[in-house]
Amino acid sequence: MPLGVKPECVKCGARETPLWHATEAGNLCNQCLEDERNTSENSSSKTEEEDKAGSSKPARKSTRVTRYCKPKANAPVKAVPKGKGRRHIFKKTPIKAPTAVATPVTSDFVFYKGSYFQIGDIVSMRDVDGGLYYAQIRGLLTDQYCEKSAAVTWLLPTTASPPPEEGFSPETYIIGPEEDLPRKLECMEFIMHAPSDYYKLKNTPYPPPLTENGAGYTWTTLRNELIAGKK
């Protein structure tokens, strides 16, 4: 547009307006442009009202699937597989704990009912008929439930032994059979302390084991009377 020439509205022919608008038909003043916009808005609103009131054509549904749509009530929900994250590297496979087994622990002495029991002690026990018997402890056991028991060796009385109800005389008893199964300390009563090898060395009715080793020889002793008779 040459300088000094004022534009002219192609619709109303106005030469003055606060704002000019260039369109395909030519220059439009601001008032004409506003009138066209209002006219187009009114026609579009009327068309929508007519479609809603008298149109029998169903509205078109959008086929676009969004991530926020709610699934149907009876539709099965597909499980989305989860990927393994970085924490999977540090996780360990759980292992089933082994079954607990009672494992008794052996010891040289135990504390029971305010007193110490040790190997070699003399104890007394009663049977179901009320008879009293004496035994010597040769081993002590404690299991995982803190139940204490002892393996014993029975002591046999001799003709010089007093009745069991009157008391225990250690020098008159001899060693007897060994009990295979341990018995609980609750059925035993403490009598006295004694060395664990007291009956094995002094009052055993069986010959002591041979302590000297000799290949092809029999170890014997000669009495003084036999040696004097030979001379």
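**Close-up views of a predicted model**

**View 1. Aromatic rings in the predicted model.** Phe109, Phe111 and Tyr116 form a cluster linked by ring pairs. Rings of Phe, Tyr and Trp (its six-membered ring) pair if their centres lie within 6.5 Å; planes under 30 degrees apart count as stacked, over 60 as edge-to-face and the rest as tilted. Eight aromatic pairs are found in the structure. In one of them, Phe117 and Phe190 have ring centres 5.9 Å apart and planes at 85 degrees, so this pair is edge-to-face. Helices (H or I, at least four residues) and strands (E, at least two) are DSSP runs, numbered from the N terminus. Phe117 is buried at a relative accessible area of 4%, whereas Phe190, at 32%, is partly exposed. Buried means under 20% relative accessible area, exposed over 50%, and partly exposed in between (1.4 Å probe, protein chains only).

This is a predicted model, in which local features need pLDDT of at least 70 and side-chain atom pairs count only at pLDDT 80 or more, while totals for chains, interfaces and linings use all residues. Residues are numbered from 1 along each chain as its sequence is written, and side-chain values use heavy atoms, with hydrogens and water left out.

**View 2. The nonpolar cores.** A nonpolar core is a set of buried Ala, Val, Leu, Ile, Met, Phe, Trp, Tyr and Cys residues joined through side-chain atoms within 4.5 Å. The largest such core has 13 residues, and Ile137 and Met188 have the most contacts inside it. At least two residues of this core come from each of β4 (109-112), β6 (122-126), β7 (132-142) and β8 (148-157). Tyr134, Leu155, Ala194 and Tyr199 are among the ten residues of a second, separate core. Not counting residues up to four places away in sequence, Met188 touches Val123, Ser124, Met125, Ala150, Val152 and Arg183; contact means heavy atoms within 4.5 Å.

**View 3. Salt bridges.** The whole structure holds four salt bridges, each a side-chain nitrogen of Lys or Arg within 4 Å of a carboxyl oxygen of Asp or Glu. One of them joins the side chains of Arg138 and Glu178 (4.0 Å, N to O). Arg138 is in strand β7 and Glu178 in strand β9 (residues 173-178), distant parts of the chain 40 residues apart. Arg138 is partly exposed at 32% relative accessibility, and Glu178 is partly exposed at 44%. Another salt bridge is formed by the side chains of Glu147 and Lys184 (3.8 Å, N to O). Glu147 lies in the loop between β7 and β8 and Lys184 in strand β10 (residues 183-184), so this pair ties together parts 37 residues apart in sequence. Glu179 and Arg183 also meet through their side chains in a salt bridge (3.0 Å, N to O). Here Glu179 is buried at 19% relative accessibility, while Arg183 is partly exposed at 33%.

**View 4. The surroundings of His21.** His21 is part of strand β1 (residues 20-22) and is buried, with a relative accessible area of 19%. Leaving aside neighbours within four places in sequence, His21 contacts Gly26, Asn27, Leu28, Cys29, Asn30 and Leu33. Cys9 is twelve residues from His21 in sequence and 9.2 Å from His21 in space, C-alpha to C-alpha.
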